[in-house]
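User: I would like a close look at one helix pairing in this model, and then at what else can be said about the contacts elsewhere in the chain. Please keep it plain.

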Amino acid sequence: MKIIPVILCGGSGTRLWPLSRDRFPKQFINLVGDNSLLQETVTRCSGIKEISDPILVCNEEHRFLVGEQLREMGCDSFTVLLEPASKNTAPAIAFAANYILKSEDAILLVLPSDHFFSDIKQFVKSVEEAINYSRDGSIVTLGVLPASPETGYGYILKGEQIDRRVYSVEKFIEKPDEHAAAEYFVSGEYFWNSGIFVFKASSYVDELKRNRPDIFEGVEASMVDLRRDHDFLRVDREIYSKLIGESIDYAIMESTEKAVVVSLESDWSDMGSWKALYEFAEKDDENNTVWGDVFLRDVKNSLVRAEGRMVAAFGLEGFAVVETSDAVMISPLSYAQNIKSAADELKILDREETERHQKVFRPWGYYENLEVGKLYKVKRISVKPNESLSLQLHHHRSEHWVVVRGVATVTLEQKVFLLQENQSCFIPANSKHRLQNLSQDTLEIIEVQTGVVLEEDDIVRFEDEYGR
């Protein structure tokens with residue numbers, strides 16, 4: 001029976017704001033090492049015996065990020081299932097299980113895309129043991145031996161011991177308060193809930209039918225006319241969007257009589273806060289974790305990260321300082337779990353800094369906002385070889401393009417012409433236009449926008465090879 005990784009790429013990671021944002025969340029960021037957490041997740045699976053190509057479930061906003069990051073690491077054989085709305089893990093896994101069962105049954109290794117493990121061998125060993133137990137229809141989860149009384153994780157109470165590292169499940173418990181977490185830790189009877197599951201696709205569907213038939217029927221109905229769009233598979237938007245969002249813990253694990261937990265004996269983190277990242281990252285002689293252009297004086301036990309500018313910090317202990325091009329966050333590490341609520345308050349204030357970075361990735365490359373003023377905006381636009389922006393127009397702004405690297409192919413109304421380095425053109429408002437890079441080298445231009453409306457929604461697309 002095939003073993004298929006199902007990697008869940010949802011989640012916004014707002015506890016890692018301002019680095020993690022809605023349109024570029026933590027699973028796509030290089031937090032530890034040279035690869036993103038998503039890339040590390042895919043790489044981790046390669047050590048498992050007889051593992052098949054991965055299936056990834058993500059929302060539409062991140063679909064091109066997923067594809068690009070997998071191709072960056074040389075992974076060209078994968079399937080991406082698109083959720084038109086985020087409905088938590090139970091529907092997402094049902095989407096993958098139903099898709100697989102259209103051709104065959106298989107064992108699913110369900111993985112969040114944003115976790116970190118220090119001991120990959122132990123991870124593989126635990127997964128392979130979980131795979132063996134899943135063959136008889138068990139719904140297996142991996143439990144992490146607690147390293148501290150952590151309030152940021154859910155817990156699993158052990159039941160009867162089945163094998164050295166294997167137990168039945170007595171109870172799933174939501175994130176506890178400090179007093180309860182301390183009791184759980186001291187007792188030695190609890191695991192952290194890793195959110196990693198192993199089961200046959202058919203076993204999952206059977207349990208979902210039994211416990212939450214509404215979710216099963218809704219997902220099944222949304223997949224009647226499953227459509228392929230480039231590298232992606234789409235369900236019926238209207239039907240899927242009406243599903244009740246529910247986690248696998250609530251939908252199945254708290255009700256099933258087939259739950260088994262396998263001990264995962266490795267340092268593990270869901271990288272859910274700056275404190276969690278600090279604990280796993282390398283540290284200097286003063287126990288500081290540092291990235292980027294940073295100058296410290298009398299700083300201890302702290303995390304300081306500079307993404308663009310030099311950051312100087314003095315006389316701090318136990319702090320997180322994170323700089324991006326448009327925001328700076330300063331907080332005690334002990335406050336790390338509360339950063340999500342602070343970021344949520346910024347969303348209520350409609351602050352764009354919670355949604356996107358100044359550098360925004362697109363399937364054709366990226367653009368980066370360099371300067372924004374009254375009635376003008378300046379961008380750097382980078383277009384990958386043989387890629388093209390859509391044929392479009394803007395009602396409320398004009399654009400001036402200057403090529404700084406490469407050769408641009410420009411469509412302006414009925415004209416098509418080339419721009420070399422240090423050449424420019426003017427795009428009036430209400431003019432159909434397109435920017436293309438038909439060369440083998442990266443194209444970079446500086447775009448100056450002028451007008452009364454400079455938002456990204458002032459765009460009318462006529463042709464777009466990415467189906468936007």
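Is the crossing of H3 and H6 left-handed or right-handed?

Analyst: The model is predicted. In it, H3 and H6 cross in a left-handed way. Helix H3 covers residues 89-101 and helix H6 covers residues 201-211; their axes come within 9 Å and cross at roughly 130°. That angle makes H3 oblique to H6. From H3, the residues in the contact are Thr-89, Ala-90, Ile-93, Ala-94, Ala-97, Asn-98 and Leu-101. H6 contributes Ala-201, Ser-202, Tyr-204, Val-205 and Leu-208. Sorted by class, the contact of H3 with H6 has nine nonpolar residues, three polar ones and no charged ones.

Charged pairs come next. A search of the whole structure finds 27 salt bridges. One of them joins Glu-68 and Lys-384, with the closest N and O atoms 2.9 Å apart. Glu-68 belongs to helix H2 (residues 63-72), while Lys-384 sits in the loop between strand E22 (376-383) and strand E23 (387-388), so this pair ties together parts that are 316 residues apart in sequence. Glu-68 is partly exposed, at a relative accessible area of 28%. Lys-384 is also partly exposed, with 24%.

Another salt bridge is formed by the side chains of Glu-265 and Arg-164, at 3.7 Å from N to O. Here both partners are in loops: Glu-265 between strand E12 (259-264) and strand E13 (268-269), Arg-164 between strand E7 (155-163) and strand E8 (166-173). The pair therefore ties together parts that are 101 residues apart in sequence. Glu-265 counts as partly exposed at 29% relative accessibility, whereas Arg-164 is exposed, with a relative accessible area of 52%.

Glu-355 and Arg-356 also meet through their side chains in a salt bridge, at 3.8 Å from N to O. Arg-356 counts as buried at 10% relative accessibility, and Glu-355 counts as partly exposed at 26%. This pair belongs to one network, in which salt bridges that share partners join Arg-23, Glu-61, Glu-352, Glu-355 and Arg-356.

Cys-425 counts as buried, at 9% relative accessibility. Leaving out residues up to four places away in sequence, Cys-425 touches Glu-399, His-400, Trp-401, Val-410, Phe-417 and Leu-419. Ala-313 lies 112 residues from Cys-425 in sequence, and their C-alpha atoms are 44 Å apart in space.

To return to the helix pairing: H3 and H6 cross at roughly 130°, the crossing is left-handed, and the contact has no charged residues.

Methods: Residues are numbered from 1 along each chain as its sequence is written. This is a predicted model: local features need pLDDT of at least 70, side-chain atom pairs count only at pLDDT 80 or more; totals for chains, interfaces and linings use all residues. Side-chain values use heavy atoms; hydrogens and water are left out. Axes are lines fitted to C-alpha atoms, for helices over the stretch in contact, and angles run from 0 to 180 degrees between N-to-C directions. Helices (H or I, at least four residues) and strands (E, at least two) are DSSP runs, numbered from the N terminus. Angles under 35 degrees count as roughly parallel, over 145 as roughly antiparallel, 65 to 115 as roughly perpendicular and the rest as oblique. A crossing is left-handed if the near helix is turned anticlockwise from the far one by less than a right angle, and right-handed if clockwise. Contact means heavy atoms within 4.5 Å. Ala, Val, Leu, Ile, Met, Phe, Trp, Tyr, Cys and Pro count as nonpolar, Asp, Glu, Lys and Arg as charged, and the others, Gly among them, as polar. A salt bridge is a side-chain nitrogen of Lys or Arg within 4 Å of a carboxyl oxygen of Asp or Glu. Buried means under 20% relative accessible area, exposed over 50%, partly exposed in between (1.4 Å probe, protein chains only).
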